[in-house]
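Please look over the structure below.

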Amino acid sequence: PSMDIDLKRQSFPLCVVWCPIPVITHLFPPIGHLGVCFSDGEILDFLGPKFVHRGSLGFGSVARYWRLDPKRWLANGEDVSNESSAAASSAADAAFDRGVAAHDAAVARASSFFSNNEHYDLFGNNCHQFVAHCLNVGAYGGKQDWNMTHLAVLVLLKGKWVNAWACVKTWWVFCALVTACAAKSWPALVAYAGAFASLTTWFAYYSFFLAQPLRKVFATPVAAREGRELNAYGDGRA
C-alpha cells in the first residue's frame, strides 16, 4: 500500500494521530485524543469500554501526526554497512517490509486485546494507553513500558500539524484565556495553572505507577487474532 499521507481520505500510514477534544483541548491544549494507524492508513482509536473504533478519530479530523519508523519495531537493528550497495538496498527494503508487518501485527493484537478485555477511563485507561499498548506489544524501540505521558510528550514535540489552521484552532482559545487572565486577574491565572499542573501530575502518576504496561503485554495473546480479520468495529471476535 501507499505510504503517503492523504488528508482528504484521512489516511496516515504507520502514524500515531491526534485530534482536539472539544472544550478540554481548548482549555488544556496538550490534552487531546490519540489513535494509531495500520500501514494502509486506516485509523484505530479506543473510545469506550471494549470498543476500538476504526476508520477515523472519534472526535474529529486528524490535526497532528507522528510517523513511526518501521525499523524500530525490529528487535535488533541490521547492519548492512559492509554490503554492496545493491545488497544493502535489498536488505534495507526487506527490513522495512518486516517492520511494516510487525507494526500491523502489534496494532491488530492491541486492538483485539482492548476490544475484548479493557474498560475505558478518561483519566486512566484511555486512548493514549491503547496506543501505548500497541507500541508495547511490538516492543517499539526496544521498549515495553510506553505510557500516555511518553506519547503526549512525543506528539507535542515530534507531531506534525496537518496545516497551520489546525494549530490555530487548537491553541487560540487557550492563548486568549491566558492573555485575558494575565491582564485582568492574576489569581485566575494561578488557578488555571494549578488546574493544569494537577492534571499533568495525575496523568504522570497513573502512567508510571498505576498503568502496569508489562502486565497487559503478558496478558495479550501472541498469535491469536493477529490478522486483519477484525470486523468493522475492530472488536477482533471470531
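Which residues in α4 meet which residues in α6? On the α4 side they are M148, T149 and H150. On the α6 side they are F203, A204, Y206, S207 and F208. This is a predicted model.

**Helix packing**

Two packed helices are described by the angle between their axes and the distance between the axes. Helix α4 covers residues 148–158, and helix α6 covers residues 186–210. Their axes are 8 Å apart, at an angle of about 125°.

**Hairpin**

Strands β3 and β4 form a hairpin. The pairing is antiparallel and runs over four bridges. In one of them, D45 has H53 in β4 as its bridge partner. Two residues lie between the strands. In the turn, K50 has a positive phi of about 55°.

| Strand | Residues |
|---|---|
| β3 | residues 43–48 |
| β4 | residues 51–54 |

**Cysteines**

How many disulfides does a search of the whole structure find? The search finds zero. C15 is in no disulfide. The nearest cysteine sulfur to C15 belongs to C37 and is 6.0 Å away.

Is C15 buried or exposed? C15 has a relative accessible area of 0%, so it is buried. C134 also counts as buried, because its relative accessibility is 0%.

Notes
Residues are numbered from 1 along each chain as its sequence is written. This is a predicted model: local features need pLDDT of at least 70, side-chain atom pairs count only at pLDDT 80 or more; totals for chains, interfaces and linings use all residues. Side-chain values use heavy atoms; hydrogens and water are left out. Two strands pair if DSSP finds at least two bridges between them. Axes are lines fitted to C-alpha atoms, for helices over the stretch in contact, and angles run from 0 to 180 degrees between N-to-C directions. Contact means heavy atoms within 4.5 Å. A disulfide is a pair of cysteine sulfur atoms within 2.5 Å. Buried means under 20% relative accessible area, exposed over 50%, partly exposed in between (1.4 Å probe, protein chains only).
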